[in-house]
Amino acid sequence: MSSRPFLPQLESLRGVAAMGVLITHVTFQTGVDPGTHIGGLLTRFDFFVSVFFGLSGFLLWRSRHFDFPRYYIRRFWRIMPAYWACVLITLIFIPVAYRASPLTVATTLTLTQMYIPHGYHGGLTHLWSLCVEVAFYLVLPFFWLLLKNLTAYRRILCIAAFALLTLSWAFLPLVNRNPSADWPNMQIFPPAFFSWFAVGMIAAELEGLGVRITHPRWLNRGRVVGRRWPWWLAAMFFMWLAGQDFYGPVGLTHPKPHEFALRVIAGTLTCACFLLPYALDHSPSLLDLRFFRKLGEISYSIFLWHIPVLSLMFPLIGVRTFSGGFWIILLATFAVSVIVAWCCHFLIEQPLRNSAAAKTVLRQLGFWIVKSRGL
């Protein structure tokens, strides 16, 4: 196990990323015009998904702990119980998710929905990114086996080279095909986003080398990464840029291969701007505030639940989809998502974080059921 310290600011950053994803979905479903500067920027808040991927790459790659059975068991208990709870409750109780086919239910429960045509179901469409992330979890230990005997500098070169190679994914003939009733959207298959994970993996290697990027002396000798606001401004610029018509289509328009590659590049740069200042510099920041810490703690459940919650906010508030109401929908979705996420985190995520804890909880639950029935 790695002896590197826990970095609470990165957990806070995960909470910020969850909020960014929530905001971009509210933006789309309330019909904010992507042709405006603010609309274009908010539309590309979906790049906060790249921050999730980068954080996963960083935290797992720096751990160097790939005891295969234990690694996969820990990943399973970290991801699947809360995921299954969200999927099943959404399919049963959320109106937009009614009438799911058996194939849709089966693939969604196994995180394979992205591999079949039109596999995303109402209320659960955002889970495509979790399919990508779980695929990364599955192959990461094998990637480490390939590179572990290299020096850190050579590992960095290999990771960067593979990331560049995957930018050509959308140009492959099988991938460069419009989704249809008999063909899935292969553009967003896991290899397409390796560069987003690579940002975190390279950051982990740089942290291990003790790399700290510094200002020139005439700029006060402070660390570049220590001054966070220019990095945030740069991230916002890349998201704004990717939201402009000249950069590529926005909304649900299927991009051409070069447009998709440009989008991935912008997401990679966005991820780097958000992640590097906190991965490579541990000085105090706003992310040390308790609010962001708590948000980060329940960020996974916020991500899982915000779309089902969002779908309920429109009829409850009396606003039609794509007809405005951005602020009221945003505030209501955030508030309810945090409440639901808190319940999910403390009732499901935390007790079932690993197999031993899960067995204890299930044993206690079984004992309670037997006792309550007087058996």
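Predicted model: local features only at pLDDT ≥ 70, side-chain atom pairs only at ≥ 80, totals over all residues.
User: What is the secondary structure of the chain?

Analyst: The chain comes to 14 helices and 0 strands. Helices (H or I, at least four residues) and strands (E, at least two) are DSSP runs, numbered from the N terminus.

User: Why is Gly-20 called buried?

Analyst: Buried means under 20% relative accessible area, exposed means over 50%, and partly exposed lies in between (1.4 Å probe, protein chains only). Gly-20 has 3% relative accessibility, so Gly-20 counts as buried. This residue is found in helix α1 (residues 8–29). Of the 375 residues of the chain, 50% count as buried.

User: Which residues does Gly-20 contact, leaving aside its neighbours within four places in sequence?

Analyst: Gly-20 is in contact with Phe-45 and Phe-48, once neighbours within four places in sequence are left aside. Contact means heavy atoms within 4.5 Å. Phe-48 in turn touches Val-16, Ala-17, Gly-20, Val-21, Met-239 and Phe-274, not counting residues up to four places away in sequence. The C-alpha atoms of Gly-20 and Phe-303 are separated by 9.9 Å, and these residues are 283 apart along the chain.

User: What makes a set of residues a nonpolar core, and which members of the largest one touch the most other members?

Analyst: A nonpolar core is a set of buried Ala, Val, Leu, Ile, Met, Phe, Trp, Tyr and Cys residues joined through side-chain atoms within 4.5 Å. The largest has 108 residues, of which Phe-48, Trp-61, Tyr-83, Ile-159, Phe-193, Met-201 and Leu-304 touch the most other members. Helix α10 (residues 257–279) gives the largest share of this core, 11 residues.

User: Why is the pair of Phe-326 and Trp-327 called edge-to-face?

Analyst: Rings of Phe, Tyr and Trp (its six-membered ring) pair if their centres lie within 6.5 Å; planes under 30 degrees apart count as stacked, over 60 as edge-to-face and the rest as tilted. The centres of Phe-326 and Trp-327 are 5.1 Å apart and their planes are at 80°, so the pair is edge-to-face. The whole structure holds 31 aromatic pairs.

User: Are Phe-326 and Trp-327 buried or exposed?

Analyst: Phe-326 has a relative accessible area of 14% and is therefore buried, whereas Trp-327, at 59%, is exposed.

User: How do you know that the charged end of Arg-44 sits over the ring of Phe-47?

Analyst: A charge sits over a ring if NZ of Lys or CZ of Arg is within 6 Å of the ring centre and within 35 degrees of the ring normal. The charged end of Arg-44 is 5.5 Å from the centre of the Phe-47 ring. Arg-75 likewise lies over the face of Tyr-137, at 5.0 Å from the ring centre.

How values were computed. Residues numbered from 1 in each chain as written. Heavy atoms only, no water.
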